[in-house]
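Here is a short briefing for you to read beside the model. Let's begin with a loop residue and then turn to a cavity and a sheet.

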Amino acid sequence: MSYARLTGVTHYEPDAAHDSLVLFTGADSVTRLLALDGTVVREWPYAGVPPRLIDPALNGGRLGDLGVQLSESGDGRGGIYANGTVGQLDWSGERVWEWGSQAPSGAARQNHDWQLLPNGNRLLLVTVPRVVAQLDLPATVGDQGLYEVDPDGEIVWQWLAGDHLDEFGFSEEGRRALRETAARDPEDPWGYLEMNSATPLGPNRWHDADPDGVFHPDNILVSFRKANVIALIDKVSGAVLWRLGPYFDDAPGAQHQRINAHTVPRPVDQISGQHNPHLIPEGLPGAGNILVFDNQGGAGYPPAPLGIYAGSRVLEIDPITREIVWQYTAEDSERPSWTFFSSFVSNAQRLPNGNTLITEGMQGRIFQVTPEGAVVWEYHSPYVGYGVGGEPEVREPRVPGVDRLTLTPLVYRAYSVPFAWVPA
């Protein structure tokens, strides 16, 4: 069976694009490192959710180490339950660290995000099947949370989302919708909140200006796709210190139908189904602001109102003023809104020259835009499959929202990787 479309590098302006390598897992469950001319520099027969090439500064100076999923859980449930073990490979593909069998359930169940921390531990976004008291349901559901795991595999800190539902700002109607959704499908393989990212803030100007404020470098920015919530977790107490969403005081309808929808700065308006909010690191243009891929896909308790002209956007948000200070939509490239749209997955990354690398994941499209919105590099993944999972004769469907095997070029996240992080 074929999947006919334009693939590979379709546009490249070397003088305007930031030169780097690009890492991603294709829908064929193979992770590849790509040069901007489309050359595959290296590949590994493992999927990553997401894959990450590790910063040598956090890795004892070692170059080319990679974090990926190493085995499946074997329980057949898929989704946020799929990972059996996760770990780290060296440049030659040898395993140098693996974790999962030591987990309370005997499987890592890592999904959506992970980080190697400066102290040598790993922060893992995990699934914990349990009864969540704040849902007021007797059923076991796929709760999600965080484990901090030391190099020996011991869990030294944990946080579970279901213990903090009262801190997410749901209205009574929202709590009712949340409870009804969880009760209707407690075995949902993507979870009742679908927590999809977790990133420590790292050094930042807000903490420099106010060391006693909420933006301590160890605090963790998390995202709940189905709830339209971005939240900042206190690493010490576990409390939610800062929150964006789930509701906004803007007019109903998608952002492309609003007056002054492209004027910045302006207050943040309705995000929906967002992915990978993170603080732009120090040393990069926009450092200290939150960069987030706002999918504008159906989400929310109750569902957020969206317009008919579906289109995603990338937002840069000042966390103090809660204003959008920069954004990218298809209109910024003089294209109709619906030509840039991924209702799920996807991410954005600020680059050293001020450009932004964007993963339009549902389409398998990875591209780089200037601050003005000009596309200066574009790549369409030629690697199709049945989602992150493998061959149809031995796999269940892995693409959200489908109930039978379907071919897709889906890319969950792509990352720009400095040349200095890998062997010459």
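Thr 408 sits in the loop between β25 (375-380) and β26 (414-417); strands here are DSSP E runs of at least two residues, numbered from the N terminus. This is a predicted model, where local features need pLDDT of at least 70 and side-chain atom pairs count only at pLDDT 80 or more, while totals for chains, interfaces and linings use all residues. Residues are numbered from 1 along each chain as its sequence is written, and side-chain values use heavy atoms, leaving out hydrogens and water.

**The loop residue**
- Thr 408 counts as buried because its relative accessibility is 7% (buried is under 20% relative accessible area, with a 1.4 Å probe and protein chains only).
- A polar atom of the Thr 408 side chain lies 3.0 Å from the backbone nitrogen of Leu 410.

**The cavity**
- There is 1 cavity of 30 Å³ or more (a set of points on a 1 Å grid over the protein atoms alone where a 1.4 Å probe fits but cannot get out).
- The largest cavity has a volume of about 90 Å³, taken as the space filled by probe spheres set on the points.
- Its lining has 14 residues, with Val 68, Val 86, Gly 87, Trp 114 and Leu 124 nearest the centre (lining residues have an atom within 4 Å of a point).
- At least two lining residues come from each of β6 (66-72), β7 (83-89), β9 (110-116) and β10 (122-131).

**The sheet**
- An open sheet of 4 strands runs in the order β5-β6-β7-β8 with antiparallel pairing (pairing takes at least two DSSP bridges).
- Its edge strands, β5 (52-53) and β8 (95-99), each pair on one side only.
- β7 and β8 are joined by 4 bridges, and Leu 89 has Arg 95 in β8 as its bridge partner.

Notes. 1 Å grid on protein atoms, 1.4 Å probe; cavity = no way out; pocket = protein on both sides within 12 Å on 5 of 7 lines; lining within 4 Å. Buried < 20%, exposed > 50% of the residue type's maximum accessible area, 1.4 Å probe, protein only. Polar contact = N/O pair within 3.5 Å; in protein donor to acceptor, adjacent residues only side chain to side chain.
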